[in-house]
Amino acid sequence: MAFSIEKKAVTKWLEKLLEAGEVVAPVRTPCGDVLFSTIRSAEEVVWDFPNPLHPPKEFVLPQTDPIVKIRRNGQHHEVEAIHDGTRRFLFNARSCDAKGIAFLTRMHEMEPADASYLRRSGNLTVISLACATPCPLGFCVCTDSGPFLSDSCDAQLTDLGESYLVEVGSAKGEAAVAEAQSLFRKATEDEVSRRKNLEVAARNHFGEETCHFASAMRRISTGRVPDALWEKMGDWCLECGGCNLVCPTCYCFGVKDLGRDGTWIRCRLRDSCQYAAFTLEASGHNPRALRKDRMKRRFFHKVSAQYYTRDGTVGCVGCGRCIKVCLGTTHMPAVVAAIRKGKWHE
Amino acid sequence: MVTVPTACPFCSCGCGFYLLAREGQLVGVAPSETHPVSEGRLCARGWSAHEAALWGDRLRQPLLRRNGKQESVSWDEALDHVAGRLKELMNAGKPVGVLGSSRATNEENYLAGRLARAGLQTNNVDFSYHPICRPLLAGLEEVCGKHAPSIRLNDIASSQVILLTEGNLAETHPRAASSILRAVEKGAHLITVGYRKTQMARLASLHLQATPGNEGEVINGLLAAILDLRLQDRTSVPIGYDALRRDLETVKGTEEVRQAAEWIARAERAAFLIAPSCGPGDQSRKDAAAFAKLAAITGHLDKPASGLLPLLARSNVRGACDMGVVPDRLPGYDPLDDARSRQRVQDIWGKKLPSAPGLRAESLLQSVSGLIVVADDPPSVVPIGQRAMAAMERIEFLVVLDAFLTPTARIAHALLPIASLAETEGTVTNMEGRVQRLRAATNPPGEARTGWQVLAELCGRFTSSYSSASDVLREIGQAAPGYAGVEQRLSEDGWGGALLKDFDRAKLVVQPTRTTGLAALTSVERPYLLARDVAFDWGHDPLVSFSPTLRRDYQSERKLFPNGFVEIGKGDADALKLSGGRQARLTSVHGEAMVPVLVRTDLKPGLLVVPYTFRDRVSNVLGTEGVTAVKVERA
C-alpha cells in the first residue's frame, strides 16, 4: 500500500507520533555531526544527511542494555526480567540500517529467542528514508540492502520534491500512518513510477566502493584463504573493535552486573570479537589468542556460505561505516578484496 | 538520550566523542566525524570510555580516617580538617607537598599548583608520570625551546617519512598508529627504532634494532649519516656542521642507517615521534636532544605538515606541565627562577612565591609529612612502584581527591570524592597542544563535587576562590600566557579546540654536545640485559581497571601470572631450557629475584623485558634503574 504526504504536513505527523511514543530521528549536534537521538519536536529532524556513524541499532540493542534485576531477599535472590516496553518510532533510518535491524531481529528470533531484544524490537516501528543519493562510501547495492527497500521496513519514505511517497510494509507501518490518517492520501500511479525512476537513478550513482562477496565467499567457505594472508592483514588492524561496534548486523556482547545496595542490574554490554580476551576461557585457554584468528573468525561469520545459508544474506548491509571508523585499514571492502584476490597491499 | 561532546581521557592523542546518557546514567559512546583529531575513529579504550565512570568503585562522600577507619563526614568538616592539619604540619616546619595528575584537567592541575605554591608555600609539586617523561621533555627542550613544534596527528597520514622511536605505539597511541598506517599504505617510509619487533616495526620499511635505554646509539648514527649528506640548504637554522660531526666522530653507521638518513633528509614532509626511554635520565635526555637535532637539521621543524611529537602516555601530561605542576616550573612551563614569570604569577595570586625548588615526585612521596594527591594512584604510575605505596603509608597526613577507590584512596587520611571525566567541566591539552573542553554528561555520584571546586575551596582556605571552571581557565590565561584567550575560543559551540601557538622557530638551538653512548652494561658474568618495558601500564589505571570490557584484555595475563613474568626471546629460552611459565633466577649487582618467563618471538637474543606492571617483581634486580645486566638461570 502506498500513500502520499505533503512535506508541510510531515511536522503534524511527527507531532502525532510524538504523542503516541518516543521518536528517534537523525538530529544535527552543535558540533556538526548527525546522530540518531530521541527528539522533542519535529523541527529537530534532519532530512538531508549522510548516514550517521553511530548506528540506530542503539535503539534495539543498546551499548549498555539492562536485562535482569536481581534483588537479595533474605537467603534468596529474586530475579526479574527488565523489558523496555516503550513504543518507539525510528524515523528517517537509512535503508541499510532498516535491513540491519531486520537482520538482528531474525537472529534474536532464533531459538532460544531473546525476549528482551524482541520486546524492544516489537515496539519499534522503522520508518526509513530511501536513499535517492547514495552515500559516498556505501555499497548497499552489493548486499541487497539499498538504496531503496522492498522489505525490512515498516514504512519507507521517498522524497518526491513537494511530497513524500510512503510505502507501508507492515501492520506497524500501517499503525504509524493511522496515527494521522487524514494527512495521507493514496499515492498516484505517477508518484509510484517516479519513485521507481529515482531508484534506478540512485543505483547508477554509487561511488567507487564495491564489495564482491560472491568470489570471496567461495574462497573463505572452502578454506582457501592462506593463514599467511590473515597474518599479514592482522598487522593492519589496531584492534579498536570499531567495525563491530558500529556494524548494523553485529550483536556480540558481554555480561556484567551493576550492583548497589543489595540490588544488581545484569547488563548486556556491546562487545567486539576482535578484542584479544573476548574468547578467553576461564581455564586460561584462548581459542583465538592471535589477531589473525580473530579476524578470520569475523570474516567467516560475515561472508561464508555457511552463515549465508543460515541467515539468508551476508552479514553486511553495505553501510560503509567500518570504512570510516576502522583505525587500521581492514574494513569490509578491503578484506573482501584481499580474500578474493588472495593478496594484501601487493 | 543526552549526547555530550567531550575529549577522550586515555592517551595524549586527544580524540573526541559523544558520551551518551539516558535517565541520568551513562550508556555509551558515539563517534564524531567532525572531531579534528579522531574524525570518527576511536581505539578500544575510546569506545569503552563511558564504562569506568559507570561501573567503577566510585567515591560518594568525603571520608576522614578516625580510629583506623574511614568515616563519612560533611564537606565543610572534611575541608576544614584538611586545611587545619596541613597548617599544623607547616607550622611545625614539616615538609608538605601536592601531586597533580596527568589524568586531571588543566583547571585541577592549575589549582593544585596554586594550592601548593601560594597556599602551602612550597614548590613540592609534581605529577606521578613526570619521572617517566621528564628526560624526554628536557632533551627536546634543549633544541626546540619550551615545546617542540608539533605535527598534527592527521598530518602524519600524508608524511613521506616517519621516524618512530617507540615502546609499542599500536598499544600506547592507537590514533597516532592509525595515521602511520595510512601513510605507509600510501607508500611512506616508516623507520622504527626500538628493541622489540612490534606491530609498527613489522610494517616498517626499516626497523633499526636498539638496545633498551640506549636508543641514542641508533639516533646518533642517523644524525652522523645525515650530517655526511651535507644538506646545509635544508634549513635556515644556524648549524655548526663540522662541530656537530666532530662530536659524532666515533659513531659508525650501517648501510641501513645510511638508507634511513637519506630518506629523512630528502623527504618534503616527515614526522618524528619519540616515546620515553627506560635508560638513565641523563642518557635519555641526550638521546631525545639528538632526536630533535635530527629533525631540526633536516629542516623538518620549520615547515608545515612536518614536525615532532613526544609520545606521552596519558591524556593531560602536556597540560600538567603547562599548568606548572612541576617542582621547578611555573604556569606556562616557565622556569621557577625566571624573574618576569615569577612576578606575573605573584601578581595574580597576590602572594610571594617560595623560591627554593621543590622535590620531584619520587622524592616528594618519600619525604613529605603531608601530601595532597589529586586524581592519581602514584604506586601504579611511578617507576618505584610499591615503594611509593610503602612511603605513602608512612605519611603523617595523606589527602586524596579522586573519583575512584584506588589503592592510594584506600589509605588516605582524608578522602575527597570528585567527579569523573563524565561529570566534570574543564579542559585538557593533547600532545599536539590542542586545548579541548570536557563536558559533563551526568551528575557526580552521591556528594562528590567537581575536582576544580574542591581544590578552589581548599585554595579558599589558604588564599582565594573561584565561581566556575571558566573562571579558573580565564586566570590560567593570565598565569600561562600561551593559554591567553583560550577560554573565549572554547566558549563557542562545536569541537574547535584551541591549538596553542607556542613554538618559536627562532629558538631552535642545534649545538654539539658531548655525545656519550651508554657504556656496555653486560659482562661475561652477567651477559643479559633486563629492561623495564617503557609502554605505560593502563591495566592499573582506574579508567581501565574499572571498565568491564577493557579490564578483561589488560588483566587476563595478570590472572594467569599472579607472580608476574619477564619476557625472553625464543632462542635464549631454548638455550637456557626455559619454557613458558618456568621460573628463572635473575641476578644483578643489585640483587636477585625468581620470576616466571614468557617466551616471545619478537625479542632479540640477550634481552629480557619486564612489563611495567610487573616491575615490582624484579625491583631487587633492577634497583632504581630501568635497565641492568643480569645473569639468568633456570630455577
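The following legends describe close-up views of a predicted model.

Because the model is predicted, local features are reported at pLDDT of at least 70 and side-chain atom pairs at pLDDT 80 or more, whereas totals for chains, interfaces and linings use all residues. Residues are numbered from 1 along each chain as its sequence is written, and chains are lettered from A and ligands numbered from 1 in the order in which they are written.

**View 1. Overall form of chain A.** Chain A contains 12 helices and 12 strands (DSSP runs numbered from the N terminus, helices being H or I of at least four residues and strands E of at least two). Its C-alpha atoms fill a box of roughly 65 × 65 × 40 Å along the principal axes. Of the 346 residues of chain A, 48% are buried (20 or more other C-beta atoms within 10 Å of the residue's own, with C-beta atoms placed from the backbone).

**View 2. The barrel of chain B.** In chain B, 6 strands close into a barrel in the order 21-25-22-24-23-26, with mixed pairing (two strands pair if DSSP finds at least two bridges between them). Neighbouring strands of this sheet are turned by 45° against each other on average, direction ignored (axes are lines fitted to C-alpha atoms). Strand 21 (residues 528–532) and strand 25 (residues 607–610) of chain B run parallel and are joined by 4 bridges. B:R532 of chain B stands opposite B:V610 in strand 25.

**View 3. The largest nonpolar core.** Of its 316 residues, B:I162, B:A292 and B:L530 touch the most other members (a set of buried Ala, Val, Leu, Ile, Met, Phe, Trp, Tyr and Cys residues joined through C-beta atoms within 7 Å). Helix 13 (residues 281–297) of chain B gives the most to this core, with 9 residues. Beyond four places away in sequence, the residues that B:L530 touches include B:V566, B:L586, B:L608 and B:V630.

**View 4. Domains 1 and 2 of chain B.** The domain assignment places domain 1 at 2–54 and domain 2 at 57–129 + 316–499 of chain B (bounds come from an automatic or database assignment). Contacts link 22 residues of domain 1 to 20 residues of domain 2 of chain B (C-beta atoms, placed from the backbone, within 7 Å). On the side of domain 1 that touches domain 2, strand 1 of chain B provides the largest share, 5 residues.

How values were computed: Axes are lines fitted to C-alpha atoms, for helices over the stretch in contact, and angles run from 0 to 180 degrees between N-to-C directions. A residue is buried if 20 or more other C-beta atoms lie within 10 Å of its own, exposed if 12 or fewer, and partly exposed in between; C-beta atoms are placed from the backbone. Two residues are in contact if their C-beta atoms, placed from the backbone, lie within 7 Å.
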